[in-house]
Amino acid sequence: MTTQDFINQRLAEEARLAQLQVQSRRHFLKESAMGLGALAMGSLLGGCGAGSRRADSGLIAFDPARPLLPKAPPFLGKARSVIYLHMAGAPSPLELFDYKPELAKMDGQDCPPSLLAGKQFAFIRGVPKMLGPQAKFAQHGESRTWISEHLPHLSTVVDEISFLKAVKTDQFNHAPAQLLVHTGSARLGRPSMGSWITYGLGTENQNLPGFVVLTSGGNFPDAGKSVWGSGFLPSVYQGVQCRSEGDPVLFIKDPNGMSRDLRKASIDAINKANQQSYDDYKDPEILSRISQYEMAYRMQIAAPEVMDINDEPDYIHEMYGTKPGKSCLANNVLLARKLVEKGVRYVQLFDWGWDAHGDHAGNSLNIGMINKYRSMDKCVTALLLDLKQRGLLDETLVVWGGEFGRTPMMENRNGAVNPFKGRDHHTEAFTIWMAGGGVKKGYTYGETDEIGYYGVSGRVEAFDIQATILNQMGFDHEAFTYPFQGRPFRLTDVSGRVIREIIA
Amino acid sequence: MLLTIADLFARFHPILVHFPVGILVLAAGFIWLTNGDKYAQLKPAIQIMLFWGMLSALFSCSSGWLLAASGDYEGDLVDQHRWMGIATAVASGILWWLVRRQPASVVSDASSQPKYWRRGVSAAVLALVTVTGHMGGSLTHGEDYLQEALQAGAGKGPVIAKLENPDTAVLYNGLVQPILEARCYSCHGENKQKGKLRLDDIRYMLKGGEDGVALAPGKPEESGLVGRIQLPIDNKDHMPPREKTQLTADEIKILHWWVATGGSDTARIGHLQQTAEVKALLVRLATGATDAEAGSNSNLPSPEPPAADTAALNALQRAGVTAIPVAQGSNWLTLSFVGAFEKNEVTLALLAPVAKQVLNLRLDHYPLTPKGMDILSACTDIQRLELPYCKLTDALLQKLGAFSKLQSLNLTGNPVTAAGVKNLQSLKALQQLYLYQTGLAGADMRVLQEQWPAVKIDSGGYRLPMLPGDTSEVKVN
């Protein structure tokens, strides 16, 4: 017996013992009872629901061994990929898109009691003062869209954009509101939109993840990583967070002293062991793990190249206003374009720091927010133009928005006067816009009242936006379901309407 | 309109009917259960249940009578439901009397004759309750409510069938009536007339209901029928009600067109004036295609090619090429070589067996050779071709001239020149051309765009000015 044989024998024995430890009487009873019961149920329920066209179209052929294989959408989708730009903290539409001259006239007056009755605000107490728009507005483009002076670049491309000006939500705190926008539920545990879409469509490039998340602004979104979580979907569909500084993914380089071949050999060995435990326990999560190891290995080659924005020419860097070597929104936006170009399905960007309360200079409308506008305006405009000139805009849906709106009143934190101008969280109306991916160009849907407090027409909510995004990707949001805890789940839960008004 | 107490009582009918249904079924069940000794202790309950069942049946009958009199319901089914309901109440009364006549005893009372009577009448009550309940359900939900659940996708899919002879067919019979029948009759038809409106005949439509006429021939804006279906879905006057299946855009167009052209039930499609939009719609209907909105695949070219060879698709997949149907159930393919493991002719050659099925194709940073272009040119039905950074030259570009169905062509980053691109004018179906980072100068682009007005040419090269704010930050004073 050689040493090698001896080691192998020891390992085999160890594995056998480990396996015996999990085989209990309970295990046996459960297996036999559940197995027979499941067989019986299967044949009993076989006829249920079959034949319905809508039910069938929602089923996704899911191969747990290769969960990211590209799949056909149920219907012909207009868009191939999504770039979702989330301004975490919720920017004020009143300083950017929603022009309210009447509000300027009320500046400094006490808020009418009718706007306060029965309302609950995050920080406003008592009777606050009204706060006029902290920006000048002008009409731009052939669509004559009103845009604020704070967005000098974006105002040149309004004719590419569909604005939704009367979005509403029912969550006035950041984390639940962000969860609602991205997972369809204000509570934790549901899969995010990117997970749903990669579950439904797989990834176009087997060397890269299908769902990439990039954050900037110095902080994670308030809801944490759950906003790109996979919920009850297999974990392989969760967003892969990449860093825009240093290595895109931690430990993507081979460690010192380990060659590429050795790396491959060790991954193969791990996968073989995982495959054995899958054969024993049939837990699909093990298959997810195997495919993740395989993708990680391929990503080692592909990702550093795709994730490196330094190979872009100087004029592109200038157009986006990137800051090489730093972590910022502009770098992430440029990276998003590169990822979409390489076949990534869903790129989710979060830029933190838009919470314009005005309790310190950094989040005041006149100082901190101006800097946020400047950091966003140029790169987002560049993204639209760059996608357009590469022929990618009509197959990439770009979505921009926050999680709620801001009050037309000035915030008076705990009844005192805030040192800077700011607005509190507001659920009734805010602006989200979409561009490319088969939505109308230069169009506005929805309208708020004359002070931007309530939506008066074309009101939509997060579910409607989700339904529209799914529709553009080729899904019927009512039929696109995943069975969990005994019932089929949808991204849009029991609600949602495709906003046909903005579809080209 | 002021609601009288009687009207209010009438509207409780749909709730009240559940009491006799529940109580009488249970009472009849008890009568059969207490046949033996095992459940003899239930006997005293029977009489009480029958009393309340009878009483609620009487209330149901009277409220139902008032509801029928309110004018929203008419027709044979209503009358049948009415008399069956009364029969149920009477039968339950008889049963109650039979049971009462022989007081319940917990001890079994051998085989007395009336017992058979009781069981017979209880069976009759059970049957009457079932039949009457079913009729009531048909009145509320429509007559084919139950069948619908058994038929695949019934009530959900498109209503309009393929039009066999689009010119000679009568518009009303061929297109309009099927829509109304599927979406409107259940509430505005023979048996039920919500808002006193019937839509199952032109006469009734002209007469209208409580809120005015449904059909004003030639005037769609005055016709309630067309107006209501076009209201936003959250408007309270929108029809069909929000929770019911909605009309598709095509169905709305047809109804609008029908009313605009006179709302006749005899006019033939060929004789009516057709707008460009209607013409396109009729062409689609004639080919058997349905709604062109997203959510359907009707704007796919037809006929479909035969299904692609599975082995060929697997080979592509193994090479890292995405090759998937453009939509589930379609044989047309979208191919993307973006993630191809080896970007060479060998991988490209894998495309040859499925060339006839390719509708969209994307190659990115994929050096193309004359041989590679020959492989590509086999994709004769291709509509969208993306070839960014593929080292295409004017000479190679010549091979693209044969794509008669090509709508969108992306040549970003290829060293092609004006001379080469000019030859692409043979592409008759082309709508969109991307020429960013090619060898064409600005003047070339302008000339090309003038010569080729039908094609949207994007020359790219967008720049954003450097504004003072782009590089500076506002600081606290």
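B:T347 counts as buried, because its relative accessibility is 6% and the cut-off for buried is under 20%. The model is a predicted one. B:T347 sits in helix α14 of chain B, residues 345-349. Which residues does B:T347 touch, leaving aside those up to four places away in sequence? They are B:A319, B:V321, B:F337, B:A340, B:E342 and B:Y366. B:G320 is 27 residues away along the chain, and its C-alpha atom lies 9.1 Å from that of B:T347.

A:A416 is a contrasting case. At 41% relative accessibility, A:A416 counts as partly exposed, because that value falls between the 20% and 50% cut-offs. A:A416 lies in a loop of chain A, between β9 (405-410) and β10 (423-426). Its separation from A:I124 is 292 residues in sequence.

The table sets out the two C-alpha pairs.

| Residue pair | Separation in sequence | C-alpha to C-alpha distance |
|---|---|---|
| B:T347 and B:G320 | 27 residues | 9.1 Å |
| A:A416 and A:I124 | 292 residues | 9.2 Å |

**Nonpolar cores**

In soluble globular proteins, nonpolar side chains tend to be buried together. Here the largest nonpolar core has 106 residues. Which residues have the most contacts inside this core? They are A:L85, A:W433 and A:I469. Helix α11 of chain A, residues 368-389, gives the most to this core, with 10 residues.

A second core is separate and has 48 residues. Among its members are B:A355, B:L385, B:L387 and B:I457.

Back in chain A, A:I469 touches A:V82, A:Y84, A:M193, A:I197, A:L397, A:V399 and A:M434. That list leaves out residues up to four places away in sequence.

**A helix pair in chain A**

Helix α5 (residues 174-183) packs with helix α12 (residues 462-472), both in chain A. Their axes are 8 Å apart, at an angle of about 30 degrees. Are the two helices roughly parallel or roughly antiparallel? α5(A) and α12(A) are roughly parallel to each other, because angles under 35 degrees count as such.

From α5(A), the contact uses A:L180, A:V181, A:H182 and A:T183. From α12(A), it uses A:A462, A:F463 and A:Q466. By class, the contact has four nonpolar and three polar residues, and no charged ones.

Conventions: Residues are numbered from 1 along each chain as its sequence is written. Chains are lettered from A and ligands numbered from 1 in the order in which they are written. This is a predicted model: local features need pLDDT of at least 70, side-chain atom pairs count only at pLDDT 80 or more; totals for chains, interfaces and linings use all residues. Side-chain values use heavy atoms; hydrogens and water are left out. A nonpolar core is a set of buried Ala, Val, Leu, Ile, Met, Phe, Trp, Tyr and Cys residues joined through side-chain atoms within 4.5 Å. Buried means under 20% relative accessible area, exposed over 50%, partly exposed in between (1.4 Å probe, protein chains only). Helices (H or I, at least four residues) and strands (E, at least two) are DSSP runs, numbered from the N terminus. Contact means heavy atoms within 4.5 Å. Axes are lines fitted to C-alpha atoms, for helices over the stretch in contact, and angles run from 0 to 180 degrees between N-to-C directions. Angles under 35 degrees count as roughly parallel, over 145 as roughly antiparallel, 65 to 115 as roughly perpendicular and the rest as oblique. Ala, Val, Leu, Ile, Met, Phe, Trp, Tyr, Cys and Pro count as nonpolar, Asp, Glu, Lys and Arg as charged, and the others, Gly among them, as polar.
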